[in-house]
Amino acid sequence: MFEKGAGGMRLIILGIPGAGKGTQADRISQRLGIPHISTGDIFRQNINQGTELGKIAKEYMDNGKLVPDDVTIGIVANRIEEKDCKDGFIFDGFPRTIPQAEALAKKLTDMGLNIDTVLNIELADEKVLERMTGRRVCNKCKATYHIKYNPPKMEGVCDLCRDSLVQRNDDKEETVLKRIEVYHMQTEPLISFYKERNLLREVEGKGEVDSVTRKIFEVLEVEI
Ligand code: AMP
């Protein structure tokens, strides 16, 4: 049974966009006391702050395409050298291509580390479209809602801070369809990549968020 501080856990959460990786990674991060590293969040922060990296990333993100590997790999390589990563981390949305996975393996080997487990959250394409196009995010506090599955008390208004809810550019239908296509072409091959390395564990992503969390903790042999 894993206990906090017992040598750490280095995890990857894989799955099609909209499978619930972000929500589950947050819960794992809190339970295990390890940082949640989302490359999508890093890019969005940079876009909000108007940095050079943000300008590069926005072009790709708004079109549902992947940010180039060299840019993404550089950011992650720096991030995992930070102090808070010394007892582990969970990657969400990284790696997304075979070259990213290879670069990560090399970087970790150089640091004398390795990935412990790769969780693959499975979800059918039809579910993804409904989940993502219905998603709304608070402009201010970034709380997320879903117009059907997790609606705010008042339409278009955040329950927590009363700011307005918006749809992320990359959650618009046309972009989501492109993201699904990009996932199958570029990211799905990672399932075999990690299966061959005996690191892959599959988790069914449909159903209640809590029941998916329970299944994940079972796989990780962590008590809730
Ligand atoms: P996410 O929030 O993980 O769904 O990511 C949103 C968008 O950020 C993706 O559609 C990509 O454009 C970009 N992105 C996030 N992570 C990566 C990555 N590992 N490699 C390339 N692009 C990424």
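Glutamine 100 is found in helix 5 of this predicted model. At 3% relative accessibility, this glutamine counts as buried. Helix 5 (98-110) also supplies at least two residues of the lining of the largest cavity, as does helix 4 (69-79). The structure holds 0 disulfides.

**Glutamine 100**

- Glutamine 100 counts as buried because its relative accessibility, 3%, falls under the 20% cut-off.
- The side chain of glutamine 100 reaches the backbone nitrogen of arginine 96, at 2.8 Å.
- Leaving aside residues up to four places away in sequence, glutamine 100 touches Asp69, Thr72, Ile73, Phe94 and Pro95.
- Two of these contacts, Ile73 and Phe94, are also listed in the lining of the largest cavity.

**The cavity**

- A search of the whole structure finds 1 cavity of 30 Å³ or more.
- The space in the largest cavity comes to about 50 Å³.
- Its lining consists of Ile73, Val76, Ala77, Ile80, Phe94, Ala103, Leu104 and Lys107.
- Sorted by class, the lining of the largest cavity has 7 nonpolar residues, no polar residues and 1 charged residue.

- Cysteine 158 is buried, with a relative accessible area of 0%.
- For cysteine 161, the closest cysteine sulfur belongs to cysteine 138, and the distance of 3.4 Å is likewise too far for a bond.
- Cysteine 161 is partly exposed, its relative accessible area being 25%.

**Valine 209**

- Valine 209 is found in helix 9, which covers residues 209-220.
- With a relative accessibility of 39%, valine 209 counts as partly exposed, because this value lies between the 20% and 50% cut-offs.
- Valine 209 touches Thr23, Gln24 and Arg27, when residues up to four places away in sequence are not counted.
- Between valine 209 and glycine 15 there are 194 residues of separation in sequence, and their C-alpha atoms are 15 Å apart in space.

Notes: Residues numbered from 1 in each chain as written. Predicted model: local features only at pLDDT ≥ 70, side-chain atom pairs only at ≥ 80, totals over all residues. Heavy atoms only, no water. Disulfide = S-S within 2.5 Å. Buried < 20%, exposed > 50% of the residue type's maximum accessible area, 1.4 Å probe, protein only. 1 Å grid on protein atoms, 1.4 Å probe; cavity = no way out; pocket = protein on both sides within 12 Å on 5 of 7 lines; lining within 4 Å. Points joined across faces, edges and corners; volume = space filled by probe spheres on them. Helix = DSSP H or I, 4+ residues; strand = E, 2+ residues; numbered from the N terminus. Nonpolar A, V, L, I, M, F, W, Y, C, P; charged D, E, K, R; others polar. Contact = heavy atoms within 4.5 Å. Polar contact = N/O pair within 3.5 Å; in protein donor to acceptor, adjacent residues only side chain to side chain.
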